[in-house]
Amino acid sequence: MKKIVSLVLAAILMCTVFVGCGNSSETVTTDGSTSMEKVIGALGEAFETEKGITVTYNPTGSSSGIKAVKEGTCDIGLSSRNLKDEEIAEGLKGTVLAYDGIAIIVNNSNPVSDMDLETIAKIFKGEITNWKELGGKDAEIVLIGREAGSGTRDGFESVTDTEDACKYRQELTSTGDVITTVSSNEDAIGYASVASVEETVKTVTVGGVAPTEETIKNGTYVVQRPFVLVTKEGEALSESASAFFDYITSDEAAEIIASAGVVAA
Amino acid sequence: MKKKRLFENIVHGVFLILGHITVGFVLLITIYLIVSGIPAIKEIGLVNFLFGTQWAPTKAEPQYGILPFILTSVYGTAGAILIGVPIGFMTAVYLSKVANKKVRAVVENAVNLLAGIPSVVYGLVGMLILVPTIKKIFDVPDGASLFAAIIVLAVMILPSIIKVSITSLDAVPKEYEDASLALGATPTETYFKVSVPAAKSGIAAAVVLGVGRAIGETMAVMMVSGNVANMPSLFESVRFLTTAVSSEMAYSSGLQQQALFSIALVLFLFIMLINVTLNFFLKKERK
């Protein structure tokens, strides 16, 4: 009796081992930028329902993602900055998946409607503290930002070169909160993903350029960054990984990318 | 006969298991919090962690001091108690002793309703009405502040204070009050010199319950307090222990995430302390 039980158990264990193997060959691993969570999540889900291949995502940050590709611990690396020259020299290849535009928003009653990148940086670093210095009314500027670790904050601070230097008055945990707060405080300024900005707030032009799909794509709107897929140059991806790569860079994926709030490349 | 005993035993067993499930969850959570909260404290150092005044986990040289959060939670709760307890206590005395049945029924219903409002609704109302009002009245650049959080918390703890106080005031034997009135004391004297002292440990329990509610509240506070890790000051943006955990949990990793667990552990210890105090008062009342 005991023998039979152990045999059955062994058989079950064997099966699970095989099932495990079956899964791992049908998995695409991605690793990198925390900001790309939404877009990769949406793409992975769509891909999984269509092809039955699981896509895993490990939010470690752009640099870790790039390193993971180099070391071969993941199929596709995700970076929310362009590859550096030395990284390209090391045999890595970047393919831009999408562009993430960040809108600078103020209250609808604010007369200021244009500022350049340098001014934005000065405002957020606390060097310009009153709206009258920008031609607005005499009132203290209220800086609304996102929490540490947020992709939008990381993107905004890296583009404006204000990392760890922003003097926020409020750190909110969602884009919606930022927009609501800016819409209810006349002296507030904040930033939010372009796709989620509504009419309740005013989007300022940066250096005279308004953020639209076109200006973000051709680079004239400067508060933006690319979402890059990192792979090894001259080394073939696994079958499932290459299917995923083709799928997310195809035209039909553009709609999914747009639904995640970014502009497809 | 035997069958009946068997049935009884089975029911007893089922209840025992169900009871143990609850205990099991408490143990599980406690152990999990301790196990996941200790590593970061070890790495950062207990003194640096508890008494550091700077929280900047994503900086090039990360800082993990949670003193601003601890002080904010303490000040915020104290402020809410300072405003909420007198209002709640007086309401309870009025409802239990003075109000006629109809008024009491209506007000008690309103209080129950207040208790049932989800905290995100408190937060939303606070964010859209209270915060702009504070900005206007006190002429500060932005109304999202410790003050706004205190007001919201004070309203949120009212139901628990009122309900528990009423129960203990109702339980005061009528003979005490009759005797006091017969000796010539006015009704007001009777309420405050006889009824309230007789119910004092119950009222103390109500206050402690309010403290527990206030210190554990997250959502409403997060929406009105601004969430910047400043040292607390009444009209500045502040971050509580609860909001420190919830606002960064989504994106955190590595030591930052472990430190968030450590914050949760500190919060857990605070709440344990409050529960012990509460049990102390409740036991005293039973005696």
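**Chain A and a helix of chain B**

Modeller: Of the 265 residues in chain A, 43% are buried (20 or more other C-beta atoms, placed from the backbone, within 10 Å of a residue's own). The model is predicted, so local features need pLDDT of at least 70 and side-chain atom pairs pLDDT 80 or more, while totals for chains, interfaces and linings use all residues. Residues are numbered from 1 along each chain as its sequence is written, with chains lettered from A and ligands numbered from 1 in written order.

Biologist: How many helices and strands are there in chain A?

Modeller: Both are DSSP runs numbered from the N terminus: helices are H or I of at least four residues, strands E of at least two. By that rule, chain A has 10 helices and 12 strands.

Biologist: Where does helix 5 of chain B bend?

Modeller: The bend at a residue is the angle between axes fitted to the seven residues ending there and the seven starting there. For helix 5 (residues 119-138) of chain B, this angle is about 40° at Gly126(B).

Biologist: Which residue follows helix 5 of chain B?

Modeller: The residue that follows helix 5 of chain B has a positive phi, near 55°. That residue is Asp139(B).

Methods:
A residue is buried if 20 or more other C-beta atoms lie within 10 Å of its own, exposed if 12 or fewer, and partly exposed in between; C-beta atoms are placed from the backbone.
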